[in-house]
Amino acid sequence: YHELSAIATVPFQQKVEWLKTKFNELRIPWEEGHMRIKVRRQYLLQDAMEGIQSIEKDDMLKIFRFEFIGEPGLDAGGVAREFYETFSEQLFNPDVGLFSYSSVNQMCMQINPNSGIANEYHLKYFHTCGRLLGKALMDNQIIPVHLVQPLYKHLMGWPVTLRDLEQIDDQIYRNLIDLLDIDNLEDICLDFVVTEDHLGVAETVDLIPDGSNITVTNDNLPQYLEEQLKYRTLHRTKLQLAEILRGFYDVVPEPLLAILDFQELELLLHGLPNIDMDDWVNNTLCSGDVTGNEKVVQWFWETVREFEQEQKAKLLQFVTGTSGVPAQGFAALQGNDGNIRKFTIHLDKNLKVFPKAHTCFNRIDLPTYKNKSDLTKYVSLAINMESTGFGIE
């Protein structure tokens, strides 16, 4: 416990090195047994799932070697990288039906609640997905497809918040937030139910026992928001989520993750992004109270250029919902509607102290700071408080 507490406070790269050491200690030596996974490229999704599912839990700590049947190639690392990349791209492809796009960023994937309708073996695939993520973390392999932030929190055992709902369904999130401003909720006749669309078939689900007969009021609104959050981030995908977690912990001892926050887990699984600062600056829009406050924008970019790569990645996570950068660069950043939404700095003279993020629009709202020192301090605090789970509004 004391070692974990100490490591949790060191810089990110030191955590990475410590984890590598621990995984090396856990890894079963080659001469004591190893695993070979052979797949047909044209049937990669099915073959990889069946191969990984056939492995006993204790054997997940062995060294893996991969082979594409009928293709020459000794797996000295290159074949493994290709396996992780191609299998991930197929597994997370929305056309397969296991995952769907995030509602705010089409670079991120979330669990499809209707996966069982799309694929009868879906739970086996989700268990395989968990093992794939765990094995990639252990073997320092990169998973090219990013997930929504609530999934990283679930992997870490972190609590989710109402803001996490934005990445799953931003329209529902905004509707729920709007309820906070209604003086008399009984006028809009809400009750404790949700209506689900299962491929064209509507189904009503009670959020609490007898929920269809309980009206939402200003007094019980906090409970209603909590039940909506639990249902949409947990209950509606609980079978799929349980399999991902089971597979992940088939490989990764849970205590090791105590040294990380959920943002660092994303960086470990997908790698630090290759951020071209000039490309970022040149593909950023400015709005709001810019006139007379041009210095604030200048200070912002000076601060970001001074950040370490990890801090730059966390700023991206704060504003866009993911550390990922499109292959085409910042000019290709998308919003929640799938259209191009460039990174935007919005200056707001009425905003106090901390910046705010709007991940739907890839926008950061900045107060009109009086000096660079304050801007650096509060932007740094904001992107790091995001990973602690504490709100700043």
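**Entry 1: helices 9 and 10**

I began with the axes of helix 9 (residues 170–179) and helix 10 (residues 221–233), which come within 11 Å and cross at roughly 170 degrees. I took helices (H or I, at least four residues) and strands (E, at least two) as DSSP runs, numbered from the N terminus. Axes are lines fitted to C-alpha atoms, for helices over the stretch in contact, and angles run from 0 to 180 degrees between N-to-C directions. Helix 9 and helix 10 are therefore roughly antiparallel; the classes are under 35 degrees for roughly parallel, over 145 for roughly antiparallel, 65 to 115 for roughly perpendicular, and oblique for the rest. I then listed the residues that meet: Ile172, Leu176 and Leu179 from helix 9, and Leu221, Tyr224, Leu225, Gln228 and Arg232 from helix 10. Contact here is heavy atoms within 4.5 Å.

I note that this is a predicted model, in which local features need pLDDT of at least 70, side-chain atom pairs count only at pLDDT 80 or more, and totals for chains, interfaces and linings use all residues. Residues are numbered from 1 along each chain as its sequence is written, and side-chain values use heavy atoms, with hydrogens and water left out.

**Entry 2: strands 1 and 2**

I looked up strand 1 (residues 34–39) and found that it pairs with strand 2 (residues 63–68) in the parallel sense, over 6 bridges. Two strands pair if DSSP finds at least two bridges between them. Met35 stands opposite Phe64 of strand 2. Strand 1 has a covered face made of Met35, Ile37 and Val39, while His34, Arg36 and Lys38 make the uncovered one. In a regular strand the side chains alternate between the two faces of the sheet.

I also recorded that strand 1, helix 3 (residues 44–53) and strand 2 make a right-handed β-α-β unit. Right-handed means that, with the strands pointing away from the viewer, the path from the first strand over the helix to the second runs clockwise.

**Entry 3: the sheet 3-4-5**

I found an open sheet of 3 strands in the order 3-4-5, with mixed pairing. Its edge strands are strand 3 (99–101) and strand 5 (146–147), each pairing on one side only. Strand 4 (residues 108–111) pairs with strand 5 in the parallel sense over 2 bridges. The bridge partner of Cys108 in strand 5 is His146.

**Entry 4: the sheet 8-9-11-10**

I then turned to an open sheet of 4 strands, ordered 8-9-11-10, where the pairing is mixed. Strand 8 (284–288) and strand 10 (356–358) are the edge strands, and each pairs on one side only. The twist averages 25 degrees from one strand to the next.

Strand 9 (residues 343–348) and strand 11 (residues 363–367) run parallel, joined by 5 bridges. Asp348 stands opposite Pro367 in strand 11. Strand 10 and strand 11 run antiparallel, with 3 bridges, and Ala357 has Ile364 of strand 11 as its bridge partner.

Buried means under 20% relative accessible area, exposed over 50%, and partly exposed in between (1.4 Å probe, protein chains only). Helix 14 (residues 294–306) lies across strand 8, strand 9 and strand 11, and runs at about 135 degrees to strand 9.

**Entry 5: single residues**

I looked up Glu294 in helix 14. Glu294 counts as partly exposed, at 46% relative accessibility. The C-alpha atoms of Glu294 and His235 are separated by 47 Å, with the two residues 59 residues apart along the chain.

Glu243 sits in helix 11 (residues 238–249) and counts as buried, because its relative accessibility is 17%. The side chain of Glu243 makes a polar contact with the side chain of Arg246 (2.8 Å). A polar contact is a pair of N or O atoms within 3.5 Å; within protein, one must be able to donate a hydrogen and the other to accept it, and residues adjacent in sequence count only if both atoms are side-chain atoms. Not counting residues up to four places away in sequence, Glu243 touches Leu123, Phe126 and His127.

Asp210 is in the loop between strand 7 (201–206) and helix 10. Asp210 is not a glycine, yet has a positive phi of about 60 degrees. At 45% relative accessibility, Asp210 counts as partly exposed.
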